[in-house]
Amino acid sequence: MIVVTDGSRILGLGDLGVQGIGIAIGKLDMYVAAAGINPQRILPVMLDVGTNNQKLLEDQLYLGVRQPRLEGEEYLSIVDEFMEAVFKRWSKAIIQVYFFKK
């Protein structure tokens, strides 16, 4: 079970960049606790494609890429590459895409 996010739209909080990874971890924790999924078979993933949150871009402690969020074909190419790699490695993986920007 994989929960993947790009941190763009987190629970009405907006663009959290890489700091949105906690949501993916929390979702997987619920699947382990409530659905009995083996914790050795889960993977939270953050696609760090930048952020449009100016406060984060200026924050010295921000861990993500300090660039505006990728968009368009470049963004879609990264998402496609990720999905292809996951299914090549784990053909039966369940992937939940969490709050990608429309």
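The model is predicted, so to speak of local features pLDDT has to be at least 70, side-chain atom pairs count only at pLDDT 80 or more, and totals for chains, interfaces and linings use all residues. Residues are numbered from 1 along each chain as its sequence is written, and side-chain values use heavy atoms, with hydrogens and water left out.

**The sheet**

Let's start with the strands. Three of them form an open sheet in the order β2-β1-β3, paired in parallel. Helices (H or I, at least four residues) and strands (E, at least two) are DSSP runs numbered from the N terminus, and two strands pair if DSSP finds at least two bridges between them. The edges belong to β2 (43-46) and β3 (95-98), each pairing on one side only. On average, neighbouring strands here are turned by 20° against each other, direction ignored; axes are lines fitted to C-alpha atoms, for helices over the stretch in contact, with angles from 0 to 180 degrees between N-to-C directions.

Thr5 has a bridge partner on each flank: Tyr98 in β3 and Met46 in β2. Helix α1 (residues 21-35) lies across β1, β2 and β3, at about 165° to β2.

**Packing on both faces**

In a regular strand the side chains alternate between the two faces of the sheet. In β1, Ile2 and Val4 sit on one side, Val3 and Thr5 on the other, and all are buried (buried is under 20% relative accessible area, exposed over 50%, partly exposed in between, with a 1.4 Å probe and protein chains only).

A nonpolar core is a set of buried Ala, Val, Leu, Ile, Met, Phe, Trp, Tyr and Cys residues joined through side-chain atoms within 4.5 Å. The largest one has 13 residues, and Ile2, Val4, Leu47 and Phe82 have the most contacts inside it. Two or more residues come from each of β1 and α3 (72-89), with α3 giving the most, four residues. A second, separate core of five residues includes Met1, Val3, Leu28 and Tyr98.

Leaving aside neighbours within four places in sequence, Leu47 is in contact (heavy atoms within 4.5 Å) with Val4, Thr5, Asp6, Val79, Phe82 and Phe100.

| Side chains | Polar contact |
|---|---|
| Asp6 and Tyr75 | 2.6 Å |
| Ser8 and Asp6 | 2.7 Å |

**The annotated region**

UniProt, in an unreviewed entry, lists residues 1-96 as "domain: Malic enzyme N-terminal". Over residues 1-96 the chain is 40% helix and 10% strand, with its end C-alpha atoms 8 Å apart.

Note on methods:
Polar contact = N/O pair within 3.5 Å; in protein donor to acceptor, adjacent residues only side chain to side chain. UniProt positions renumbered as here; feature names shortened; annotations may be inferred.
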